[in-house]
Amino acid sequence: MNYEAILKEFKEKRILVIGDVMLDAYVLGKVTRVSPEAPVPVVALDKKENRIGGAGNVALNLKNLGASPIIATVVGADAEGKILEELFKKRGISSDGLVRSEFRKTTVKTRVISSKQQLLRIDSEDTHPLSSDHEKVLFEKILKLMKIGLDAIILEDYDKGVLNENNIQRIITEAKKHNIPVTADPKKDNFHHYRGLNLFKPNLKELKEGLNIEFNFQSNQGAFQTAVENLRKAIPHEVSLITLSEHGVFICDDLKQAHIPAHKREIADVSGAGDTVIAAATLCYLAGAPIDSIAQISNIAGGMVCEKPGVVSISLEELKSEIRELLQ
């Protein structure tokens, strides 16, 4: 398969990302000593950074890969929500689907990092489901964007309340009416509500939790194959893409399957790798790539971000260069 031709198709694809957006706050410094107050490291602060996280990071990956993403979510009517809006604007990501709520606080994950190592994470969040009023306003915005025209929709679930059984199925049903492909990156709470997707991307842990089973991937390939078959029966969808951490990715549809091993890398941080995989896989699907090419490209893209500390995205040029080096 001509990988250059696939990547060329990424350009300006209009993709709506729906899900839990968060602000990733970084406290960066160096450990200088152990505190006399408690057996904990003291970090000498160098700088603080705010980045787009959660479903927003999927949109950021899409943007950096050449697409035109739009974000649809509910954030708080707070300072952190305003920071996120400004970050979206700065990065050229449309927030036409964004809703502000006085009854929720914007999710913030604060990471303390020293010498590329994460020492601590502090989470500030609301995880209760959306109110019926906010769910209605969000769906109306999504419907309007569908009518304007979309190439695809990504449902990016972090179990923070934006997605639920009702709106997931309404979005998938409405998207089918408009011939818009839908892909999803699930979490445990809504795992069984994603019937009818074009591409479903759980990781191995989510697959086990979702089906309530336990097995060792390395020593029991038969159990893994059975799990994938059960997944496809329980939650009908077109393409299954299972990320397997250090074991690479597995992909299948009704006709074909492939297991792509991971490439050897110096792992700095796995945060955000799933966001990159779903972004790359969705773009490859829209480009009409065969399923083994979808797996190859998304596997490389996800691996690349693991070499960098924190939640980061990759550019199309970086991905092209890595593909040339590893596959051609």
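In the predicted model, H134 is located in helix α4. H134 has a relative accessible area of 15%, and because buried means under 20%, H134 is classed as buried. Apart from neighbours within four places in sequence, the contacts of H134 are V99, R100, S101 and F103.

Helix α4, which comprises residues 132-148, packs with helix α5, residues 165-177. Two packed helices are described by the angle between their axes and the distance between the axes. For α4 and α5, the axes come within 11 Å and cross at roughly 15 degrees. Angles under 35 degrees count as roughly parallel, and α4 is therefore roughly parallel to α5. The crossing of α4 past α5 is right-handed. On the α4 side, the contact is made by E135, F139, I142, L143 and M146; on the α5 side, N166, N167, R170, I171, E174 and A175 take part. Sorted by class, the contact of α4 with α5 contains six nonpolar, two polar and three charged residues.

By class, the contact of α6 with α7 has six nonpolar residues, one polar residue and no charged residue. An α-helix has 3.6 residues a turn, so residues three or four places apart point the same way.

Helix α9 consists of 15 residues, 291-305. Of the 15 residues of α9, 14 are buried, so the helix is largely enclosed by the rest of the structure.

Q296 lies in α9. With a relative accessible area of 18%, Q296 is buried. Leaving aside neighbours within four places in sequence, Q296 is in contact with Y3, I260, H263 and L327. M146, one of the α4 residues in the contact with α5, is 150 residues from Q296 along the chain. The C-alpha atoms of Q296 and M146 are separated by 30 Å.

Note on methods: Residues are numbered from 1 along each chain as its sequence is written. This is a predicted model: local features need pLDDT of at least 70, side-chain atom pairs count only at pLDDT 80 or more; totals for chains, interfaces and linings use all residues. Side-chain values use heavy atoms; hydrogens and water are left out. Axes are lines fitted to C-alpha atoms, for helices over the stretch in contact, and angles run from 0 to 180 degrees between N-to-C directions. Helices (H or I, at least four residues) and strands (E, at least two) are DSSP runs, numbered from the N terminus. Angles under 35 degrees count as roughly parallel, over 145 as roughly antiparallel, 65 to 115 as roughly perpendicular and the rest as oblique. A crossing is left-handed if the near helix is turned anticlockwise from the far one by less than a right angle, and right-handed if clockwise. Contact means heavy atoms within 4.5 Å. Ala, Val, Leu, Ile, Met, Phe, Trp, Tyr, Cys and Pro count as nonpolar, Asp, Glu, Lys and Arg as charged, and the others, Gly among them, as polar. The expected span of a helix is 1.5 Å times one less than its number of residues. Buried means under 20% relative accessible area, exposed over 50%, partly exposed in between (1.4 Å probe, protein chains only).
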